[in-house]
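I opened the model to look up a few backbone details. My entries follow the order in which I checked them.

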Amino acid sequence: PYDAAQNPSGSFSVDLWVRLGCEGTGYRSPLASRDFPPPRGYAFFLNPQGCWSFWIGLTTKSEWLKLDGPSANLDRWTRLTGVVDAKSAFAQLFVNGESATARNIPVDSVLAFRPNQHRSLRFGAGASESMSTKFPFCGSIRDVRVYNRPLATSELTVFCDTDAFSSFAAEHHSRAAKKTRR
């Protein structure tokens, strides 16, 4: 169901860990809270070129501001963080705690961003506004956090050792599997 806490207006950050589980084509979305038309909300995608991407809806311009990042790695945990600072009119995508891409929000569009105001936060698909599944994501998602403020750079470098996280996740998964077999 819809929850306003997952859809902040003004400045915000969305932080999550993803692991791409299989090859694919087209747009694939691990997380989306969006409505369309007009574009409202935010979404993370793996684009057709195989790169991570963070989108925010610019309602008054009827378009998505797209921040494309680096290529995704198969079977490797990756931390994605989208940051929107409405006060400074700036949006940024971080991958594993490092700035991957940043864009100024056009001055005439600073107030153009509108949060999703009706649709559910969707995991593993990108079209919250549709009853049918669009942009399916093959992989795993964990530790999703939505903040009503832009995260500081120092907050983005905490626990970004993807090898340590992958080892932790594998160990945790192994322990959970043993418990279910008992």
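I started with P37, which lies in the loop between β2 (28-35) and β3 (40-46). Strands here are DSSP runs of E, at least two residues long, numbered from the N terminus. A cis peptide bond joins F36 and P37, with omega about -10°. I then checked the bond from P37 to P38 and found it cis, omega near -20°. P38 lies in the loop between β2 and β3.

A note on the source: this is a predicted model, where local features need pLDDT of at least 70, side-chain atom pairs count only at pLDDT 80 or more, and totals for chains, interfaces and linings use all residues. Residues are numbered from 1 along each chain as its sequence is written, and side-chain values use heavy atoms, leaving out hydrogens and water.

S62 has phi near 55° and sits in the loop between β4 (51-58) and β5 (63-71). I placed A89 in the loop between β6 (77-85) and β7. A89 counts as buried at 12% relative accessibility, the cut-off being under 20%.

Last, the sheet. I traced five strands in an open, antiparallel sheet, in the order β8-β7-β6-β1-β10. β8 (98-104) and β10 (139-147) are the edges; each has a single partner strand, so one side of each lacks a neighbour in the sheet. Pairing takes at least two DSSP bridges between two strands. β7 (residues 90-95) and β8 pair antiparallel over six bridges. I noted R103 in β8 as the bridge partner of A91.

Notes:
Helices (H or I, at least four residues) and strands (E, at least two) are DSSP runs, numbered from the N terminus. Buried means under 20% relative accessible area, exposed over 50%, partly exposed in between (1.4 Å probe, protein chains only).
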